Amino acid sequence: MVIGFAAPIAMPLPNFYHHIHRTLHQQAEQVLLVWPGGASAGHSTSYTGHDLGLRIAAYQHLLRGQGVQSGQPVLLALPVGAELICGLLAIMSLGAVPVLPPAGTSAVGLLKLLKLLRRNGVGAALVPSKGARRYGWLARGLGLRLFGAPKNVGTNELLLPQAVPATQPALVSHSSGSTGQAKAIRRSHAVLTAQHQVLKQVFPPWQGQRDFPLFPNILLHNLSVGAVSVLPDVPWGQLAKLEPARVVQQLQATQVETLTGNVFYFAALCGHLEQHPTPLPHVRALGVGGSPVPESLLQRLRSCFADAEVYVIYGSSEAEPIAVRAAATAPNPRGGYCVGPVQAGLSCRLQPLGAVELPNGSKYPVGEVCVQGAHVAAEPGAWLHTGDFGYFDAQNQLWLTGRQGNEAIHLGVQHYQVEHVLHMQAGVERAAARATAAGFDIYYQGTASEAAVRAALAQHFPAGLCNRVLPRRHLPVDRRHLSKILYDQLR
């Protein structure tokens, strides 16, 4: 079967899908996506540009036949997999707006989901074909049209991307909700394209690159530059069920060269590799982010992936990346989390809060990190308030010291500084310092004794800063990254 490709136009359209359409056309016979089978380790399905084009075309013609219009938001309620990616790209290509539900959304959260749909003006959803037949009548009563995924690939021509205003949302996703409820993130075609361009500059791709992306935005970026995306054998949306042995086996079998992921994911891989040393010389670079990255984890990564460069990537869904740091050196964790210099092209300012004081007597103004620039999803002329607090050191490197909702400064110290020091202590798996009126209450997870934790605190911080020290079996974390502390749920 040969798919009919509409040849890409010479000049880019203000539709992010244009970059992907070009890749599908130019690399039609090359594998672009490898998706794990899930049922048993070692099984996966490979998709060439031609394969993806066929499936995207099927969704395009389904949606066009259902009257989907440019600018119309469409909820993606397909199971995570290649079908979800193709459905998303088809919606985007037609100039409509794909809307991803928040991480962890389930039938239990149906009421919240319906409220979300109303807030975003969503009146249509792309769902599995059985779901459309079974629940279509009920959805119509709630003002929602269900489009069942096409069963057959067919021989439809892959349509050219629809021109759209550059400021129109290209994708609506949701934050992790670590400081409250998850909020909708609307990235325009211009912002998504700018984020893609920045990633190309910071991490230049090479021909035939095999990447192992945990973050969905990296998958879209890879399709834009023609890199091969080998998806980790991880239950998407259920990261807690990660089986590191399966992922390491997949790394060996697929010979991937670059990996991106979050703290929980890489800590799990390191835990397995430390118990079962496995040479992985083909891995050239690692990028870790999603939440503050402890120096202890970076040390473990450099040991487990001895031939790889390790990078800390700081950003948010609205601004990816904000800063990038090569983790070749180990800054003092007492200063907070060092994320490196702010990315060129971004304007960054600190909304003043106070000052932090380091043991050597250095004082630095600290405030909420606010950014503005082409790859920032914010209203025109507005600053994005990240919810992170930090300072710039004498070398103009950004250090993170606190998070919104827990940002109080005591004796020149914010909570991230306390937590980062504790993360370096043996037997501390996770730590949280919650600000009170008189200092910090310390919560920690792991095998360390309370006496050992108090000794570490006394060594690095002023007397009277930390009050109660409370061991806990588990600390509450967000459902998306499993590493951002939910401070309001500490008990």
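Student: Which residue in β22 does Y444 stand opposite?

Tutor: The model is predicted, so local features need pLDDT of at least 70 and side-chain atom pairs count only at pLDDT 80 or more, whereas totals for chains, interfaces and linings use all residues. Residues are numbered from 1 along each chain as its sequence is written, and side-chain values use heavy atoms, leaving out hydrogens and water. Strands here are DSSP runs of E, at least two residues long, and helices are runs of H or I, at least four, numbered from the N terminus. In β22, the residue opposite Y444 is P471.

Student: How many bridges join β21 to β22?

Tutor: Strands pair if DSSP finds at least two bridges between them. Strand β21 covers residues 439–446 and runs parallel to β22. The number of bridges joining β21 to β22 is 4.

Student: Is H221 buried or exposed?

Tutor: H221 lies in helix α7, residues 216–225. Apart from residues up to four places away in sequence, H221 touches H196, L199 and K200 (heavy atoms within 4.5 Å). Buried means under 20% relative accessible area, exposed over 50%, and partly exposed in between, with a 1.4 Å probe and protein chains only. Because its relative accessibility is 9%, H221 is buried.

Student: What is the relative accessible area of L142?

Tutor: L142 is found in the loop between α5 (129–141) and β6 (145–148). L142 counts as partly exposed because its relative accessible area is 43%.
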